[in-house]
Amino acid sequence: MKSLSLVLAAAGSSTRMGLGKKKEYLEMAGGTVLSCAARIFLEAADFSTVIIAIPQNDQEQAKKAFFADPEIKKLVQGKNILFIEGGNTRQSSVYRAIKAIPEKDSIVLIHDAARPFVSKEIIQNVIKASDEH
């Protein structure tokens with residue numbers, strides 16, 4: 001199988017929530033929405049690279065939110081973790097993230113980091129289908 005890369009899109013402003021804080025940074029299940037979204041993917045498959053597209057000048061907060069769940073540190077050992085500045089649109093953020101993937105022959109899964117409720121089964125089925133086709 002080809003290597004696996006994960007892009008988590010978290011560069012949006014979350015202004016519609018009206019909380020003055022990004023959805024991805026809200027507390028959830030012993031971590032944050034971002035760490036919960038990441039954890040389900042990291043538990044589902046062996047990703048060699050994880051790229052988180054984040055807002056400009058938000059690296060410190062994004063890292064804090066990503067590593068808020070103590071299990072994340074264990075799950076990312078030996079993996080390439082990159083926080084990159086997103087663009088003005090989701091499309092440009094994802095494009096920047098894909099360009100940053102070091103493995104050029106990789107299956108890439110792209111997920112909205114504010115949506116932590118995807119199942120391991122769905123993730124594994126997508127990877128299997130991508131590898132077959």
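## Helix packing and the sheet

In the contact between two helices (contact meaning heavy atoms within 4.5 Å), Ile40, Phe41, Glu43 and Ala44 of H1 meet Lys120, Ile123 and Gln124 of H5. Residues are numbered from 1 along each chain as its sequence is written, and side-chain values use heavy atoms, with hydrogens and water left out. The model is predicted, so that local features need pLDDT of at least 70 and side-chain atom pairs count only at pLDDT 80 or more, while totals for chains, interfaces and linings use all residues. Helices (H or I, at least four residues) and strands (E, at least two) are DSSP runs, numbered from the N terminus.

The axes of H1 (residues 33-44) and H5 (residues 120-132) come within 9 Å and cross at roughly 55 degrees; axes are lines fitted to C-alpha atoms, for helices over the stretch in contact, and angles run from 0 to 180 degrees between N-to-C directions. H1 and H5 are therefore oblique to each other, given that angles under 35 degrees count as roughly parallel, over 145 as roughly antiparallel, 65 to 115 as roughly perpendicular and the rest as oblique. H1 also lies across E1, strand E4 (49-54) and E6, running at about 165 degrees to E1.

Four strands form an open sheet in the order E5-E4-E1-E6, with parallel pairing, where two strands pair if DSSP finds at least two bridges between them. The edge strands, each pairing on one side only, are E5 (80-85) and E6 (106-112), and the twist averages 20 degrees from one strand to the next. E1 is joined to E6 by seven bridges and pairs with E4 over five bridges, in the parallel sense. The table lists residues of E1 with their partners.

| Residue | Opposite residue | Strand of the opposite residue |
|---|---|---|
| Leu6 | Leu109 | E6 |
| Leu8 | Ile52 | E4 |

E1 is mostly covered, six of its seven residues being buried, where buried means under 20% relative accessible area, exposed over 50% and partly exposed in between (1.4 Å probe, protein chains only).

In the loop between strand E1 (3-9) and strand E2 (27-28) lies Glu24, which is buried because its relative accessible area is 4%. The side chains of Glu24 and Lys22 are joined by a polar contact of 3.0 Å, that is, a pair of N or O atoms within 3.5 Å; within protein, one must be able to donate a hydrogen and the other to accept it, and residues adjacent in sequence count only if both atoms are side-chain atoms.
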